[in-house]
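Here are a few notes to read alongside the model.

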Amino acid sequence: MTSKLASPPVVDTMAIATFNLTKQFDRHVAVNDVELQVQPGEVYGLIGPNGAGKTTLIRMLATAEEPTFGEIFIHGDRLMRDDSNPHLKQRLGYLPDDFPLYDDLTVWDYLDYFARLYNLRQPRRRRRLGEVLELVQLTHKREDRIATLSRGMKQRLSLARTIIHEPLLLLLDEPVSGLDPIARMQFREIIKVLQEAGMTILISSHVLSDLAELCSSVGIMELGYLVESTSLKDLYQRLSRQHLVIGTLAHLDALESELRHYPLVRGWEKMQEGDRLKLEFDGTPEESTTLLKNLIEAGIPVSEFSAKTEDLESIFLKLGHQQTS
Amino acid sequence: MILNQWIDQLGDWNPQLFRELKGRLTVKSMALMFLVSMVGQSLVYMNFESSLPYSENSASHYCLGGSNVNLSSNYACSADAAGNVALNWPLWWAEIFLTLSLIGFFVLLLGGTYLLIQDLTKEQKQGTLNFVTLSPQSATAIALGKILGVPIWIYGCIACALPLHLWSGIRGGIPVYLILMFYVVTATCLLFFYGGALLFALVSGGGASKAWLGTGVLFYASGMTTLLIIHERIHLANVMDGVLLLNPIHMLVFLARSSPVTEKMYWFQSDSFGDMSFFGVPIVGGAAIATLSHLVIYGIGTYWFAQAFKRKFHNAHSTLITKKQSYILTILLTVFAVGFTVQEPYQYSSDYNNWLLNFTLVSICAIFYLLILIAALSPSYQSIQDWSRYHNHKPKEWIWGERSPAFWAIALNGLICFSGVAIAGMIVMEAPYRLPFFLGTVMQLLVVMLLAGIGQSMLLRKTKKRGRLATASVLAGIFLPLMVLAIEQTNPEFYAAPWFWTVTPLIAVKSASISTVIATIIGQTAAIAAMNQLIQQRIKRIGSSELRQLIDAQHQPTT
């Protein structure tokens with residue numbers, strides 16, 4: 001059942017819009033009054049400590065869990081947990097953190113089965129099966145039984161199953177957990193391809209470096225609340241401090257005495273390797289250029305001068321959250 | 001290759017069927033099916049062949065022309081000039097046909113039920129079913145795919161035996177159209193029971209023993225009714241006739257009797273099914289009307305299984321049916337049960353005691369139905385908590401609401417049930433018995449409400465084993481009073497009052513004074529009001545906020 005008329009106007013333009021979304025298990029409120037809005041085509045990263053409510057939120061978005069309270073709209077249509085909205089289910093792809101498969105089927109038959117469940121007809125079905133197998137690099141395994149695949153391959157096969165019907169919205173819950181670095185990299189590459197294809201992707205992960213590479217926006221969950229939901233660019237701008245790393249061929253004391261003259265330098269620490277200092281610098285890129293120029297004019301033999309911003313993990317920890325990875 | 005193409009085409013029609021066949025149907029498995037079926041058919045054939053006489057000096061059930069030599073309907077054999085024993089081949093073939101029918105039916109019913117429950121339980125346990133429920137396919141399409149695909153090995157074996165089955169029927173003198181009617185009825189019966197099996201697998205907890213439990217119960221029920229149909233010469237003239245009609249083996253009576261050798265058959269001699277009536281209308285008098293009756297019963301039953309399956313498939317935490325659906329179902333079942341109950345008591349004159357037997361039986365069936373309904377309509381503890389906290393508690397919500405407790409809905413269902421029973425009883429009984437019967441029915445309803453209240457209050461407890469606690473309490477409420485009265489040898493004719501608090505007040509009401517009955521009704525009503533108060537309080541407490549609970553806990557006196 002859709003309720004476009006009753007929904008606020010913002011939902012029509014959003015890939016995901018939730019209102020007062022709450023899920024309570026007995027006395028424990030797993031998701032608390034969440035108002036999430038994700039633009040079409042975005043890759044939205046959901047981060048937060050274990051038990052923050054990420055999985056419950058994703059499960060509700062995938063219709064695998066019923067909200068205690070609140071509403072979910074997917075591309076403007078109200079999400080209901082019955083068989084009244086098959087067209088909405090056709091738009092969703094959900095990959096949970098565990099991925100049970102049918103061991104008695106071959107890779108091809110498994111995908112063929114799900115393609116049929118999502119109403120893909122020939123010849124599109126055959127073409128699509130070929131495409132996704134190529135994307136997840138399992139073409140050479142198409143006739144193998146699923147029981148014979150490695151964990152990484154099974155994970156990729158699950159992703160292939162999730163995207164076989166070209167969903168508009170992809171919900172990925174801890175998709176890289178338990179994968180080795182190479183498998184993780186392969187998975188990241190696949191996500192980038194899907195992003196380029198225009199899918200909206202909501203992904204939860206503890207591997208923040210992956211999210212920083214993939215996401216355009218992030219949401220931070222804690223104790224069931226969505227405490228932060230913003231674009232990655234905005235997050236860096238607001239919360240990421242710039243660091244300058246300056247190396248010198250001379251003694252560090254000269255460099256330190258020179259830096260004391262600059263109010264934009266709020267402090268520094270000596271780095272372990274080499275004669276280098278890590279500065280907390282409040283200035284703009286132009287002001288850092290001026291600083292470099294002044295140091296050289298003051299006769300400091302500068303061997304290294306680079307600007308660095310804090311990564312997502314540091315920002316996350318700085319916000320007072322604890323990330324387990 | 002051809003097999004794959006065939007599966008591919010079927011898969012376009014039903015994706016679930018594609019999955020089931022892909023995992024099961026291979027050339028090797030098909031060869032095995034063929035082999036198993038052939039071995040089974042050979043065993044039946046050889047068994048019948050071994051029962052044929054080899055010389056004219058012997059006596060056999062299948063001999064022609066001789067005289068009856070004993071009570072087991074064996075006949076002395078005679079031979080022609082060439083020494084060939086004259087045999088009643090149509091009888092021999094007809095009995096092969098009936099044997100194959102029974103074996104085939106039980107293999108399909110029990111084997112299919114077991115496989116379906118086991119398959120769905122496994123999918124639930126592994127978590128693969130979740131992905132299927134999230135797909136845009138309807139629950140009925142998935143269920144149909146499972147029903148057609150999971151027992152495919154059994155279908156294969158039976159399909160291989162069909163030529164012999166048909167051939168033996170034709171040689172036994174049974175008209176082909178009747179055999180086809182039997183096939184249609186059996187197929188709809190299997191659809192009904194398979195639907196029930198899938199629902200059972202979806203709703204029941206427990207593990208690997210679930211398939212054995214479901215199949216075991218079905219084996220017992222179908223076995224008992226089959227024995228009754230094969231050997232008994234009477235129908236029961238009460239609500240149990242409706243249960244008999246759930247067994248399609250009943251159709252074999254018409255097939256056996258259509259054979260020219262019917263008098264010489266051992267089984268299916270029942271001649272009183274034609275007397276079975278529904279509100280006085282004969283419904284199994286002929287094969288065509290019996291087929292129609294079966295189809296209607298299975299059709300309605302399958303529809304309700306499908307409704308419940310649909311709800312549970314999409315949301316494991318939802319109730320089996322909605323409250324609105326429960327009222328419709330109760331009306332249907334009341335009409336069904338009362339229709340068979342108002343048959344003239346079979347062997348006796350229709351005095352109060354004989355009618356009482358019929359109506360007590362239907363009342364007990366109603367009680368068990370209403371108790372099952374408590375389980376079917378009671379939302380999960382979590383749902384009640386959510387409902388209590390986030391929704392208003394208007395009376396309308398209690399009667400129609402999806403997440404409200406089932407207590408008052410059970411009361412309304414009970415009212416529907418016992419109103420039907422009371423109206424029917426008042427019509428068929430003679431005037432002096434009407435008032436006691438009516439009062440007895442009222443007390444029966446009140447007892448059901450009390451039991452429902454006990455069950456509901458247990459379901460609202462915080463313990464995790466609340467389901468078991470509710471079942472145990474309700475069963476104790478049913479059986480303990482009866483056991484105590486039986487041990488004390490309390491005769492309902494002399495000490496009626498205690499019987500009014502059991503599930504069978506009807507048997508005592510005739511001998512009780514009106515003041516005792518009125519006092520009991522007032523007492524039961526007061527008990528229900530107290531129970532309702534208790535339930536309301538519990539619900540309020542469940543839904544109260546953490547802060548409120550903390551304050552309440554602080555104000556409670558320390559003991």
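**Charged pairs and a buried strand**

1. Glu402(B) is partly exposed, with a relative accessible area of 39%. Keep in mind that this is a predicted model. The partner of Glu402(B) is Arg311(B): their side chains meet in a salt bridge, 2.5 Å from N to O. The pair links distant parts of the chain, 91 residues apart, with Arg311(B) in helix H12 (residues 287-314) of chain B and Glu402(B) in the loop between helix H16 (395-400) and helix H17 (407-428). At a relative accessible area of 17%, Arg311(B) falls under the 20% cut-off, so Arg311(B) counts as buried.

2. Staying in chain B, have a look at Lys146(B) and Asp119(B), whose closest N and O atoms are 2.7 Å apart in a salt bridge. This one also links distant parts of the chain: Lys146(B) belongs to helix H6 (residues 139-149) and Asp119(B) to helix H4 (residues 89-126), 27 residues apart. Both ends are inside by the numbers: Lys146(B) is buried at 2% relative accessibility, and Asp119(B) is buried at 12%.

3. Which residue of chain A does Lys22(B) reach with its salt bridge? It is Asp109(A), and the closest N and O atoms are 3.6 Å apart. The pair crosses between chains, from helix H2 (residues 15-24) of chain B to helix H3 (residues 107-117) of chain A. Asp109(A) has 13% relative accessibility and counts as buried.

4. For the overall tally, there are 32 salt bridges over all chains. Chain A also has a network of them, which links Arg184(A), Arg188(A), Glu189(A), Lys192(A), Asp210(A) and Glu213(A).

5. Now the strand. Why is S12(A) (residues 242-248) described as largely enclosed by the rest of the structure? Because 7 of its 7 residues are buried. In a regular strand, side chains alternate between the two faces of the sheet. Here both faces are covered: Gln242(A), Leu244(A), Ile246(A) and Thr248(A) are buried on one side, and His243(A), Val245(A) and Gly247(A) are buried on the other.

6. As for the neighbours of S12(A), 7 bridges join this strand to S15(A) (residues 302-309), running antiparallel. Within that pairing, Ile246(A) has Phe305(A) as its bridge partner. Another 5 bridges join S12(A) to S14(A) (residues 276-281), also antiparallel. There, Gly247(A) stands opposite Arg276(A).

Methods: Residues numbered from 1 in each chain as written. Chains lettered and ligands numbered in written order. Predicted model: local features only at pLDDT ≥ 70, side-chain atom pairs only at ≥ 80, totals over all residues. Heavy atoms only, no water. Buried < 20%, exposed > 50% of the residue type's maximum accessible area, 1.4 Å probe, protein only. Helix = DSSP H or I, 4+ residues; strand = E, 2+ residues; numbered from the N terminus. Pairing = 2+ DSSP bridges. Salt bridge = Lys/Arg side-chain N within 4 Å of Asp/Glu carboxyl O.
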